[in-house]
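Me: I've got a protein model open and I'd like to talk it through. Can you help me find my way around?

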Amino acid sequence: MAPTKPLVNQQISACYKITGIPKSSTVILTGSTHAQVCKQQWKSKRVFYVTPQSIENDLQNGICLSSEIVLLVVDEAHRATGHYSYTEVVRYL
């Protein structure tokens, strides 16, 4: 989870070089991703690169089930204060 689309893209690039996770197992979900697409992707992919707002919305709307998230990596964690989406996502989990 990264706070902006450019940082999400930066995380993807770094992870592909380091982890060896196949691109076919991953997906980018941001605020511009349609809800139906998100719902399908949450069911079919393994690794998600998301903005805090997009995952918060998916958790709120039942598109993403918190019980199915086993690891959350928070980039720019110092932004996780108050009612920012980072903190709301953590509350859901």
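What follows is a chat about the strands, helices, cysteines and rings of this predicted model.

Me: Let's start with the strands. How do β1 and β2 run, and how many bridges join them?
Reply: They run parallel, and four bridges join them. Strand β1 covers residues 26-29, and strand β2 covers residues 47-50.

Me: Which residue stands opposite V27?
Reply: That's F48, over in β2.

Me: And what does the chain pass through on its way from β1 to β2?
Reply: It passes through helix α2, residues 35-44. This makes a β-α-β crossover, and the crossover is right-handed.

Me: OK, α2 then. Which of its residues are buried?
Reply: C38, Q41 and W42.

Me: Where do those sit around the helix?
Reply: They're on the same side of α2, because they cover an arc of only 100 degrees around the axis. On the other side of α2 you'll find Q36, Q40 and K43, which are exposed.

Me: What covers the buried ones?
Reply: The cover includes β1, β2 and α3.

Me: Tell me about W42. What does it touch?
Reply: Leaving out residues up to four places away in sequence, W42 touches L29, F48, V50, I55, D58, I63 and C64. W42 has 11% relative accessibility, so it counts as buried.

Me: New topic: aromatics. How many aromatic pairs are there in the whole structure?
Reply: A search finds three. One of them is Y16 with Y49: the ring centres are 6.3 Å apart and the planes are at 75 degrees, so that pair is edge-to-face.

Me: Where in the chain are those two?
Reply: In distant parts of it: Y16 is in helix α1 (residues 5-19), Y49 is in strand β2, and they are 33 residues apart.

Me: Buried or exposed, Y49?
Reply: Y49 counts as buried, because its relative accessibility is 7%. Y16 is at 25%, so Y16 counts as partly exposed.

Me: What about W42 and F48, how are their rings arranged?
Reply: Their centres are 4.0 Å apart and the planes are at 25 degrees, so this pair is stacked.

Me: Switching to cysteines. How many disulfides are there?
Reply: The count comes to zero.

Me: I clicked on T51. Where is it?
Reply: T51 is in the loop between β2 and α3, and α3 covers 52-60.

Me: Is T51 buried or exposed, and what does it touch?
Reply: T51 counts as buried, because it has 7% relative accessibility. If you skip residues up to four places away in sequence, T51 touches M1, A2, T4, K5, V8, L29, T30 and G31.

Me: Moving along to α3. Which residues are buried there?
Reply: P52, S54, I55, E56, D58 and L59. These buried residues of α3 pack against β1, α2, β2 and α4.

Me: What follows α3?
Reply: G62 does, and its phi is positive, near 75 degrees.

Me: Last one: Y86. Which helix is it in?
Reply: Y86 is in helix α4, residues 85-92. At 1% relative accessibility, Y86 counts as buried.

Me: How far is Y86 from A2?
Reply: In sequence they are 84 residues apart, but in space they are 9.1 Å apart, C-alpha to C-alpha.

Me: What else does Y86 touch besides A2?
Reply: Not counting residues up to four places away in sequence, the contacts of Y86 include M1 and P3 as well as A2. Further along the chain, Y86 also touches P52, V74, D75, E76, A77, R79 and A80.

How values were computed
Residues numbered from 1 in each chain as written. Predicted model: local features only at pLDDT ≥ 70, side-chain atom pairs only at ≥ 80, totals over all residues. Heavy atoms only, no water. Pairing = 2+ DSSP bridges. Right-handed = clockwise from strand over helix to strand, strands pointing away. Disulfide = S-S within 2.5 Å. Buried < 20%, exposed > 50% of the residue type's maximum accessible area, 1.4 Å probe, protein only. Contact = heavy atoms within 4.5 Å. Phe/Tyr/Trp six-rings, centres within 6.5 Å; stacked < 30°, edge-to-face > 60°. Arc of directions from axis to C-beta.
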